[in-house]
Amino acid sequence: MPETPLAPLTLPSDLDGWRAFADERPRERLDRVAAIDARLIAETDLTLRERLELWNDADIALAEAAAPAHLISESHPDAAVRDAAEKQAQAVDAVQSRRLLDRDLWAVFADADASGLEPDERRLLEHLLRDFRRGGVDLSDADRDRVRELTERDTELSLMFSRNIREGRREIRVAASSLSGLPADFLDEHPADDEGMVTLTTEYTDLMPVREYAHDRSVRHALVGAYNDLAWPENEPVLTELLAVRAERATLLGYGDWADFETETRMIGSGAAVATFLERVAEAAAPAAAAEYERVLERLRRDAPEVDAVTIADFWYLLGALKREEYDVDAQVVRSYFRFDRVLDGVLTTTGRLLDVQYIPVDAPSWHDDVRTFDVVRAGERLGRIHLDLHPREGKYNHAACFGLVPGIAERTLPESVLLCNFSRGLLEHDEVVTFFHEFGHLVHDILGGHQKWGRWTGVATEWDFVEAPSQLLEEWAWDAEALASFAVNDEGQPIPADLVARMRTADAFGRGLEVTRQLGHATTSYRLHVDRPADLQAAVDGYYRAASPVAPLDGSHSYAGFGHLTGYGACYYTYQWSLVIARDLLSAFGADLFDSATATHYRREILEPGGTRDARDLVRAFLGRDSTFDAYRDWLAGA
């Protein structure tokens, strides 16, 4: 470490400062990249190691431009600041793609003699040359120009797609008398207007309680239907063009389709392997899903004897009803133990204990008063800084995700990362507690892995179909009786009973098969849209979901228009099940004690702290002492 401790980024404290931060800071970093590129081309006497180090400087500058631009475009309360940040995010992506089409830059590395390089330098060179090839540098002039146009259009369309979702909140009005079953605190926060009507929105703070608790099926269907039409029809032509742009780009670059292009750099290796993997998961989930479906259909018919199918708007309500009636797990009782502030403390305490860190609150400027900032510290040494922006507001990213802010570089910069979530300020559903742990897993991975020499490998920089595994593993602590006992306390001061946690774990197994088939619907949609490119998106996506799961989509819905992962994950939403296979295997190493310090330290050092410096298979092998297998995942499904 440097003799002088690294200082975190100082964020602006007023609107003018944020305008400059969103616009001028990325421009300065891009100017820095241009100067580095000019040096690389002009200074022909540089050693290969010096060239790689200069390329690394450019990688870092690009990350310092891109990360805050994407974050601020999704989080700042001022629309003009968001727009400025979005424009700079687009400019950064354009520079990144143009560099990989620059033959003069390519020539700096193309024929280099790698014989004197260290293993990490050799690996960087191999990946760099692969990037140039995938960028299209060796194509004809006309095809290179077209690839550049397509790449920049992909960025523009992806940002538009995300913006339409972010700004696409919908509302419905329902009679106050139709909200039977909703918790008292929810009803208190949703008073009726002069006409006896209540306004519900598609924000998670409304959507999740309604789909879980509303006795009135028409209310559930109305709100889930509105949510499933988020950003439609606006995103219909955007997605159609995005799929076409990606298909043409893949063809020009010599790939069979966009899935083949994306998976080349993933653990899975090919588009065909995605289809094979999804079939394997479907086969493993089918027995449990079929048995569970019969039970949820029978339960629905008790309320509505005339129905012949369970829809996605019924799914969570029916699971909750059966868990309450047959497993003695009442979600409204469970949620009484999860007041937001206590959950936040619990996530910090649990992960601090597991990963041997402390979170020290910091009074620092941020983009909104909701943001809570903490330094991540071990043995008095600041490892990084995190920012938690956890409640919904207009114009903000409306799901839950981890965003980078500052790439951590050994002896240069401290890693900083951000959670954007949309939790209630009051009581949380246990599903939201699980989500909190999941997203926090990305956050700590980015901080603990954010101390590398090479910018390319810092933070959450492994293959994209591994990045979810550490977060899916951390979800398990949201089900652990010892962890929950430390923070899950109701307003009377009573901790959650251990026998209730045990029943929750038993009940959680019910519906697991159906949930996997729901995820298969998402993964199939992500993959097949990019491979098939159907002319009728609505009909095709409806068919994908019906083929994947017995739980039916709502007739006429357009969920693909609000499927935000179609931009970042593209054809590769399979990632969530692929990484879950790995996560279940990683969990097996902990045995019965999730807080075993030796295992936790081994996990931190072999999985989190290396960042992307080793291939994911090597990370897993170092932790487990063997390659990952499908067995633990299959056993987990069998437990359903």
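View 1. Exposed here means over 50% relative accessible area, buried means under 20%, and partly exposed lies in between (1.4 Å probe, protein chains only). This is a predicted model, in which local features need pLDDT of at least 70, side-chain atom pairs count only at pLDDT 80 or more, and totals for chains, interfaces and linings use all residues. Residues are numbered from 1 along each chain as its sequence is written, and side-chain values use heavy atoms, with hydrogens and water left out.

View 2. Helices (H or I, at least four residues) and strands (E, at least two) are DSSP runs, numbered from the N terminus. Contact means heavy atoms within 4.5 Å.

**View 3. Thr575 sits in helix H23.** Thr575 is buried, with a relative accessible area of 0%. Leaving aside residues up to four places away in sequence, Thr575 touches Trp464, Asp465, Glu468 and Tyr569.

**View 4. Helices H6 (residues 141–166) and H10 (residues 235–252) pack with their axes 9 Å apart.** Their angle is about 150 degrees. That makes H6 roughly antiparallel to H10; angles under 35 degrees count as roughly parallel, over 145 as roughly antiparallel, 65 to 115 as roughly perpendicular and the rest as oblique. Axes are lines fitted to C-alpha atoms, for helices over the stretch in contact, and angles run from 0 to 180 degrees between N-to-C directions. The crossing of H6 and H10 is left-handed, meaning that the near helix is turned anticlockwise from the far one by less than a right angle, whereas clockwise would be right-handed. In the loop between helix H9 (217–228) and H10 you will find Pro233, and the peptide bond from Trp232 to Pro233 is cis, with omega near 10 degrees.

**View 5. Helices H12 (residues 271–303) and H26 (residues 631–638) cross at roughly 25 degrees.** Their axes come within 9 Å, and H12 and H26 are therefore roughly parallel to each other. The crossing is right-handed. Arg280, Val281, Ala284, Ala285 and Ala288 in H12 meet Tyr633, Arg634 and Leu637 in H26.

**View 6. Helices H13 and H20 (residues 512–532) cross at roughly 155 degrees.** Their axes come within 12 Å; H13 and H20 are therefore roughly antiparallel to each other, and H13 passes H20 in a left-handed crossing. On the H13 side, Ile312, Phe315 and Trp316 meet Leu514, Glu515 and Arg518 of H20. Asp328 lies in the loop between H13 (312–327) and helix H14 (331–335). Although not a glycine, Asp328 has a positive phi of about 60 degrees.

**View 7. Glu411 lies in the loop between strands S6 (401–406) and S7 (416–420).** Glu411 has a positive phi of about 65 degrees although it is not a glycine. At 52% relative accessibility, Glu411 counts as exposed.
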